[in-house]
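Me: I'd like to go through this one feature by feature. Could you give me the general idea each time, then the case here?

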Amino acid sequence: MTVLAVDDLFRSFGGIHAVDGVTFDVEQAEIVGIIGPNGSGKSTLFNLLTGVLKPDAGTISLFGRNITGLAAFRIARAGLGRTFQIPALFVNMTVRENLWTAAVQFDWDNARADADAVLERLELTHVADDLASTLSGGQQRLLEMGRVLMQNPKVALLDEVAAGVHPRLRQIMLDAIRGLRDAGTTFLVIEHDMELAQDICDRIIVMDAGKIVAQGSFEEISHDPHVMEAYLGVPTSE
Amino acid sequence: MSRPASGGNPYLNLGVLVLVVAALSLLPMMTTPYYIRIATGIAMWAGIALSWNVICGYAGYISFGHVAFFGIGAYTTAILMQPQHDWNFWATLPVAAVIAGAVAALVGWPALRLKGAYFAIATWALAEAVRELTTILKFTGGSGGLTTPIRNDDNFFFYTMLAAAAIAFAVCYVLLERSRFGFRVKAVRDNEIAARAQGINTTLIKIEAFVLSAIIPAVLGGINAYWITFINPQSVLNTIITDQLVVMVLVGGLGHAWGPALGATALFLLQEQLRVSYGETTAYIIIVGALVMAVVLFLPDGLVSLARRARRMRLVRQLIGRTRQEATP
């Protein structure tokens, strides 16, 4: 079943086409990786999907419902959760309160118990009552992942969620992603770490200069001449 | 089912509130009208400072026009109590609250899209606009102001002001520290984009917080108008009122439930003591300026953090004591 359908999406900033005619579908419980060089439009695409930015043209459908241009909070309520490239935590709240806040629009009645379970799962219990601002970079990314777990979204968009994370914490995070996927959650993951992308992604979409230049399994895209060109600067014709 | 809550032990906080109110309620039986008036003033300032703490301390939006709502409340009560309308005092207070709330919603809708200094300037402009309007409009009495019926009963105003401030505290504590509304407000303060990503309608939450913060000074302003029996733009719409309540919150502790009450008590008593000792003097402004600098430098979390520091010091002393005992052969 198609969960997320993106059709001919455009967004430009002045003369720069940040997202230029992007079209793709994501199936339920699929983990789709989005890779591409810096400035290829990955984060802009996430911002369009989550309503932070409005597209100039194109449509986005979530479970067949057109969510194009909806306010970010409405898209979140429709079941699309996300993390940010630079962790966007509630810095004056404790770790536990950050998790509770992620449930204010969702399962508030069970938020306390759910947060305790997430803290344990992500091994954050020992810092539960510390301010989020005092966490290490890796723990901050774990906490963002924890907020996604609290929301229990139908589709989760993870923006470089494992960047700079200690290998042990990274394993915890990957286990959490796989656990959610097994429960039916769909993932769209921006990742620069090819090893990680290969490890968890069912399919990879490669972007360059705002366009999709290749998509397929990791094996397929790793031999794709467009990908070689985008990443290594080797011209397609060679 | 287990709903989250922050802000410390509710039984302790609300229990302390009940104890403070109960203790203060005995004041009229124990002291002179002069001190009753001082206590009435402290209750009023604590309430107004508390309201500013809602929009700034909890929602993260600095309002430099909060005096507008105090003035709207004062004028609503004063106008409705004029002989031609002859409203009962109590009936004027809900009207004051509704008008101030409506103005806050109307102004907040566009203004809360602004951030930082821009929002502060917009609210300052609101206060100036209200002040100018009351100066030129006929039904507000122009610069000459309005008088309200005289009620020579200090105890009545003390109990009314105390009850209003206590109710405001209890409502704000429950809403901001014990309900999901509070988490939404604080999420907006900390990171608006992340708050939206959690499904929070940030525009609506900001307006709700602004309305809540406008209702409280309006009610207190209404009580004040009846208490002081004469109001004009200079007395209830003076920008010094906003300045003073901002300083009270900063000195007491921004974003803390008890901060405004502590700050209001400390500064009002200081102001009164200076007035008694040196008469009407501008020395107060110099002292307040020095106090603000001292707080910013040495006590950035305000007076409320003193208790935490004292606890920490006690803990350090205990630890040192234990270490010494262990080191003793």
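Reply: Helices here (H or I, at least four residues) and strands (E, at least two) are DSSP runs, numbered from the N terminus. The model is predicted, so local features need pLDDT of at least 70 and side-chain atom pairs count only at pLDDT 80 or more, while totals for chains, interfaces and linings use all residues. Residues are numbered from 1 along each chain as its sequence is written, and chains are lettered from A and ligands numbered from 1 in the order in which they are written.

Me: Which hand does the crossing of helix 4 of chain B and helix 10 of chain B have?

Reply: That crossing is right-handed. For the angle, axes are lines fitted to C-alpha atoms, for helices over the stretch in contact, and angles run from 0 to 180 degrees between N-to-C directions. The axes of helix 4 (residues 67-80) and helix 10 (residues 202-228) of chain B come within 6 Å and cross at roughly 45°. Angles under 35 degrees count as roughly parallel, over 145 as roughly antiparallel, 65 to 115 as roughly perpendicular and the rest as oblique. Helix 4 of chain B and helix 10 of chain B are therefore oblique to each other.

Me: Which residues of helix 4 of chain B meet helix 10 of chain B?

Reply: Two residues are in contact if their C-beta atoms, placed from the backbone, lie within 7 Å. On the helix 4 side of chain B, they include B:Phe69, B:Phe70 and B:Ile72, and the partners in helix 10 of chain B include B:Ala214, B:Pro217 and B:Tyr226. By class, the residues of this contact are twelve nonpolar, seven polar and no charged (Ala, Val, Leu, Ile, Met, Phe, Trp, Tyr, Cys and Pro count as nonpolar, Asp, Glu, Lys and Arg as charged, and the others, Gly among them, as polar).

Me: At what angle do helix 12 and helix 13 of chain B cross?

Reply: Helix 12 (residues 239-252) and helix 13 (residues 259-278) of chain B cross at roughly 115°, and their axes come within 7 Å. That makes helix 12 of chain B roughly perpendicular to helix 13 of chain B. This crossing is right-handed, and its contact residues divide into ten nonpolar, three polar and no charged.

Me: What span should helix 13 of chain B have?

Reply: The expected span is 1.5 Å times one less than the number of residues. For the 20 residues of helix 13 of chain B that gives 28 Å, and the end C-alpha atoms are 28 Å apart, which agrees. After helix 13 of chain B comes B:Gly279, whose phi is positive, near 75°.

Me: Is B:Tyr118 buried or exposed?

Reply: Count the neighbours: a residue is buried if 20 or more other C-beta atoms lie within 10 Å of its own, exposed if 12 or fewer, and partly exposed in between, with C-beta atoms placed from the backbone. B:Tyr118 has 11 such atoms, so this residue is exposed; B:Tyr118 sits in helix 6 (residues 116-136) of chain B. A:Trp108, with 17, is partly exposed and lies in the loop between helix 3 (95-101) and helix 4 (111-121) of chain A. In helix 1 (residues 42-49) of chain A, eight of the eight residues are buried.

Me: How many residues does each chain give to the contact?

Reply: Chain B gives 21 residues and chain A gives 29. Helix 8 of chain B supplies the largest share of the chain B side, six residues.

How values were computed: Left-handed = near helix turned anticlockwise from the far one by under 90°.
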